[in-house]
Amino acid sequence: MMRTFTTRDGSIWMPSYLTSIDSKTCIGCCRCFKVCSRDVMHLHGVDDAGEILGPCDDEDDDFDGKLNRMIMVVDDAGRCIGCGACGRVCPKNCQTHVAADELAT
């Protein structure tokens with residue numbers, strides 16, 4: 001069953017929810033984080049082996065010298081409203097979005 005979504009003016013609209021960010025492609029530029037008003041994703045540190053070390057709380061966090069780079073991680077996907085702003089600003093196209101009608105109900 002396809003659900004129909006409409007905007008306030010009655011236009012048909014299909015939300016597309018952020019479900020994941022490719023950790024190998026993400027460059028941690030934070031553009032997606034800056035346009036998201038819902039706290040869906042946060043910056044995390046990654047070590048040389050590609051293991052996610054945890055959230056970066058401040059600029060001085062180097063995870064005891066293990067920090068190699070930083071990436072965005074979806075850590076609260078349920079907060080996403082499907083606006084797609086994050087995908088439009090991502091320079092690496094590393095996000096996966098799923099249309100509302102494709103999600104299990």
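Let me begin with asparagine 93, which counts as exposed because its relative accessibility is 63%. By exposed I mean over 50% relative accessible area, by buried under 20%, and by partly exposed anything in between, with a 1.4 Å probe and protein chains only. This is a predicted model, in which local features need pLDDT of at least 70 and side-chain atom pairs count only at pLDDT 80 or more, while totals for chains, interfaces and linings use all residues. Residues are numbered from 1 along each chain as its sequence is written, and side-chain values use heavy atoms, with hydrogens and water left out.

Asparagine 93 sits in the loop between α2 (85-89) and β5 (95-99). Helices (H or I, at least four residues) and strands (E, at least two) are DSSP runs, numbered from the N terminus. Its phi is positive, about 50°, although asparagine 93 is not a glycine. Most residues other than glycine have a negative phi.

The other case is cysteine 30, with phi near 75°. Cysteine 30 belongs to the loop between β1 (16-21) and α1 (31-35). Is cysteine 30 buried or exposed? At 15% relative accessibility, cysteine 30 counts as buried.

Now the sheet. Three strands form an open, antiparallel sheet in the order β3-β2-β4; two strands pair if DSSP finds at least two bridges between them. At the edges are β3 (52-55) and β4 (69-74), each pairing on one side only. Strand β2 (residues 41-46) pairs with β4 over six bridges, and histidine 44 stands opposite isoleucine 71 in β4.
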